[in-house]
Amino acid sequence: MRLLPAAVSLSLTVALAYYVYIPLPETIQEPWRLMILDFGFRTTMHLASLKAWLGFDHYIQSLRQSTEGFEDIMQGMCSSQSEGGVMPGVKVCDITFAGVPVRVYEPPAGGEGHLRRGLMFIHGGGWALGTTKKGSYDVINRMLSDELNTVVVSVEYRMYPEVNFPVPYLDCLAAAKHFLSAEVRARYAIDPERIALSGDSAGGNLAAAVTQEISTDDTMSVKFSVQVLIYPVLQALDFNTPSYLQNQHIPILYRPIMVRFWLQYFGADPSLLPQLLVNNHSSLQHSNITPELRARVDWTVLLSPKYKKNYKPLIVEKGSQGGVREVPGLLDVRASPLLAGPEVLAKSPRAYILTCEHDVLRDDGLMYARRLQDSGVTVTADHYLDGFHGCFSFVTWPMDFEVGKRAVRGYLDWLQNNL
């Protein structure tokens, strides 16, 4: 009988190891830490889905509660670094810009007698999760403000399920225009020639879209000097690019999860997910997806051979009947900046685009970099061969990855030299 508890314990251990273990490419450093991180995310998502199925709460609300609770714990552990240690003089204030909640970080040097850099940051999270008031986003913004003597403004835009597209975009656009106004620049002593717009993942999507709008708005006397896009999501026509296929099972952003984020953002029927995974939503039968639009996301032309590898494009002759009608916003450049025409891209400011090899969104960033360059825009493409989606945000203990620290340092160094 004594063998029974041991057998049960062994079985549970094996089951747990099976659930935690994921085969990862050899180029990913610290693989077990990434597996444990992914284990936490997957468990949280499963529990949130269970609570929603039982009728307790929307699964996004449960995810927010769990992630924000974790961030509160981490913030307490790292408070000596973010507030009392490394950046003791950064002044933080929560206010609104044109009715949109923002957090302003003012560097300790002050603006007396000289102008400072300005940067607006838009956080990621699938247009549904995240806040810059906690965790690594807050730490990085404090570092940036302190090291680069920069006034940093992070945007707390509205998200799903409370709103859908285009509300997050409109929130960010309104806040950006207010940030660029003469009133705000004077208040914070910001140099009109040194203002950046930055964002990661879904925030990179919003940053790219807002940059395009402002760059082509002749009523704006001051515009962004540079744009910084960190593994941005930029198109929803093709979910079978080489990176989507190569990295579909790589944490922490799995291919079906990214498609689910898109459907949520558009307010579309979630049951359409299988159709989008096989590109039925963008089949050739949809005449409103013109050859010109398709060319703007044609990875067979826009990617170099080392990224295309042996993958073949998935072109569907006849797909779902609804297509664009069932997914409103699918062809809107405010949602998919990669669909913008060359005349729009040509007016864009210099760009820094960070991509990661082990990320489903890798090719979105690489294609955008190529299209910007083809339009005459100066682009710095910073590719991390050992990077994975989200690594930029994992720079604080206990989930501080070396690749994340290098990515943040590369980001800060580029801004130091280019803004």
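In which sense do S1 and strand S2 (residues 100-106) pair, and over how many bridges? S1 and S2 pair in the antiparallel sense, over seven bridges. This is a predicted model, in which local features need pLDDT of at least 70 and side-chain atom pairs count only at pLDDT 80 or more, while totals for chains, interfaces and linings use all residues. Residues are numbered from 1 along each chain as its sequence is written, and side-chain values use heavy atoms, with hydrogens and water left out.

**View 1. The open sheet has eight strands in the order S1-S2-S4-S3-S5-S6-S7-S8, with mixed pairing.** Helices (H or I, at least four residues) and strands (E, at least two) are DSSP runs, numbered from the N terminus, and two strands pair if DSSP finds at least two bridges between them. Strand S1 (91-97) and strand S8 (379-388) are the edge strands, each pairing on one side only. From one strand to the next the twist averages 20°, where angles run from 0 to 180 degrees between N-to-C directions and axes are lines fitted to C-alpha atoms, for helices over the stretch in contact. Lys 91 has Glu 106, in S2, as its bridge partner.

**View 2. Helices H15 and H16 lie across strands of the sheet.** Helix H15 (residues 362-374) lies across strand S6 (226-230), strand S7 (350-358) and S8, and runs at about 150° to S7. H16 lies across strand S3 (116-122), strand S5 (190-200), S6, S7 and S8, and runs at about 170° to S8.

**View 3. Helix H4 (residues 135-147) crosses helix H16 (residues 402-418) at roughly 30°, their axes coming within 11 Å.** The crossing is right-handed, which means that the near helix is turned clockwise from the far one by less than a right angle. On the H4 side the contact (heavy atoms within 4.5 Å) is made by Ile 140, Met 143, Leu 144 and Glu 147, and on the H16 side by Val 408, Arg 409, Tyr 411, Leu 412, Leu 415 and Gln 416.

**View 4. The peptide bond from Phe 165 to Pro 166 is cis, with omega near 10°.** Pro 166 is found in the loop between strand S4 (150-155) and helix H5 (167-180). Most peptide bonds are trans, and most residues other than glycine have a negative phi.

**View 5. Trp 127 has a phi near 60°, a positive value in a residue other than glycine.** Trp 127 lies in the loop between S3 and H4.
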